[in-house]
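Here are my notes on the model you sent over.

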Amino acid sequence: MRLAWELTARTVVVIDTQVKMYSGNLPDTGIIEFDVNDLEYDAKYKWSNYLRGMMLEIRELSHDYDHGFELYLEGDLPDGAGLSSSASIEMLMGTILNDQFNLRITPIELVKAGQRVEITILRLIQELWINLRLKWDGETKPLS
């Protein structure tokens with residue numbers, strides 16, 4: 001039985017405000033492009049809505065983006081298997097943004113942002129968020 005999976009990303013900072021994302025797991029979707037100022041949910045952005053949602057939630061915490069970036073994402077975590085692949089992608093995006101933009105966001109703030117992405121933007125509910133909140137702040141209720 002396999003107990004560990006891997007999710008990796010490579011980023012390149014660019015001077016303009018364009019973001020380009022590519023998933024090695026979903027090559028048929030090609031490169032997804034958007035502006036850092038255009039982060040609202042849109043079905044045409046497919047899998048990148050998880051990442052766009054994190055960008056939107058972090059921007060709501062008063063952290064603006066002054067440049068874009070290019071992101072290559074690949075992993076072996078099975079999609080839709082109940083192993084929190086979406087939460088993993090959101091936390092990876094939060095960590096990348098925290099690093100690239102020097103935001104100093106705490107782990108619990110990232111967890112809460114990820115939970116809001118799934119509940120309010122993507123309309124998903126995952127038990128992982130409740131478990132992560134319990135670990136970091138003792139709260140067991142989903143965010144409203």
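1. Ground rules. This is a predicted model, where local features need pLDDT of at least 70, side-chain atom pairs count only at pLDDT 80 or more, and totals for chains, interfaces and linings use all residues. Residues are numbered from 1 along each chain as its sequence is written, and side-chain values use heavy atoms, with hydrogens and water left out.

2. Layout. The protein chain has 4 helices and 4 strands, in the order β-β-β-α-β-α-α-α from the N terminus. Helices here are DSSP runs (H or I, at least four residues), as are strands (E, at least two), numbered from the N terminus. Of the 144 residues, 42% count as buried, meaning under 20% relative accessible area with a 1.4 Å probe, protein chains only. Taking contact as heavy atoms within 4.5 Å, residues 24 or more positions apart account for 63% of the contacts with a separation of 6 or more.

3. Helix H3. This one covers residues 107–121, 15 residues in total, and reaches 20 Å from its first C-alpha to its last, close to the 21 Å expected at 1.5 Å a residue; the expected span is 1.5 Å times one less than the number of residues. Among its buried residues are Ile 108, Ala 113, Gln 115 and Ile 121.

4. H2 against H3. Helix H2 (residues 85–100) packs on H3 at an angle of about 130 degrees, with the axes 10 Å apart. The axes are lines fitted to C-alpha atoms over the stretch in contact, and angles run from 0 to 180 degrees between N-to-C directions. That makes H2 oblique to H3, given that under 35 degrees is roughly parallel, over 145 roughly antiparallel, 65 to 115 roughly perpendicular and the rest oblique.

5. Who meets whom there? On the H2 side, Ser 86, Ala 87, Glu 90, Met 91, Gly 94, Thr 95 and Asn 98 meet Leu 110, Val 111, Gly 114, Val 117 and Glu 118 in H3. By class, the contact has 5 nonpolar, 5 polar and 2 charged residues, with Gly counted as polar.

6. Ser 23. It sits in strand S2 (residues 18–23) and counts as buried because its relative accessibility is 5%. Its C-alpha is separated by 5.9 Å from that of Tyr 72, 49 residues apart along the chain. Leaving aside residues up to four places away in sequence, Ser 23 touches Trp 47 and Leu 73.

7. Asn 49. Look for it in helix H1 (residues 49–60); at 3% relative accessibility, Asn 49 counts as buried. With residues up to four places away in sequence not counted, Asn 49 touches Tyr 41, Asp 42, Ala 43 and Leu 122.

Conventions:
Buried means under 20% relative accessible area, exposed over 50%, partly exposed in between (1.4 Å probe, protein chains only).
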